[in-house]
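Colleague: Could you take me through some of the terms used for this model, setting each value against its definition?

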Amino acid sequence: MDGFMPGEECQSCRGKCCREHGCSLSPKDMEQALIREGLCVSLSQLEEEELYKVILGLLQKECGRELYAIDRFGSAHGSVFYLRMRHKCHTFIGVDAMGECIALTPEGCSLNEKQRPKGGRFLKSSPDGYCEQYYTQEMMEIDWGPYKKVLSAIWQQYEALFQNDGTFDRCEEDWFAYMRSERERMGNR
């Protein structure tokens, strides 16, 4: 495995990083997720329209679980679109800047070593709680560059739809309900 294994400090902080944001995927992680779905395709060989369908299918459902979201950040070259782990109670368009990773359980990450995204593998834990991310935005911009047009098209289509049909509002309501239930659960320990 390339990257770092979670340190003992991850257990003591109960995944502070994971409670704030889902890990970033690399395109290689996306390809591995597609292989787990039974799609053994070379993404670089696909026409844009087919790539759009394949990525959208992955975002909407993987093995019965919705795991991933498109997010974006700004760079000197404009918006960079990429995939990350979805946040609990949220949809596959990442307008929710902060949120608990869908793979986080009370026991830690539900993903095994091979399934952990690059953003998780390249996060070096630290005893002082200041973990360091080695999968940088510059690296992500290069990695995700070939997918920018397709990811941007999916984002634009669904961001507008979810804004207009109330999906984002329902996600927020579900998130606050989830947080209340978690506080109650923790208080009953």
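Predicted model: local features only at pLDDT ≥ 70, side-chain atom pairs only at ≥ 80, totals over all residues.

Colleague: Why is serine 26 called buried?

Modeller: Buried means under 20% relative accessible area, exposed over 50% and partly exposed in between (1.4 Å probe, protein chains only); serine 26 has 5% relative accessibility, so serine 26 counts as buried.

Colleague: What makes the pair of arginine 121 and aspartate 2 a salt bridge?

Modeller: A salt bridge needs a side-chain nitrogen of Lys or Arg within 4 Å of a carboxyl oxygen of Asp or Glu, and the closest N and O atoms of arginine 121 and aspartate 2 are 3.4 Å apart. Arginine 121 is buried at 9% relative accessible area, whereas aspartate 2, at 42%, counts as partly exposed.

Colleague: Why are H4 and H7 called oblique to each other?

Modeller: Angles under 35 degrees count as roughly parallel, over 145 as roughly antiparallel, 65 to 115 as roughly perpendicular and the rest as oblique. Helix H4 (residues 48-60) and helix H7 (residues 148-165) pack at about 60 degrees, with their axes 10 Å apart, and H4 and H7 are therefore oblique.

Key:
Residues numbered from 1 in each chain as written. Heavy atoms only, no water. Axes fitted to C-alpha atoms, helices over the stretch in contact; angles between N-to-C directions. Helix = DSSP H or I, 4+ residues; strand = E, 2+ residues; numbered from the N terminus.
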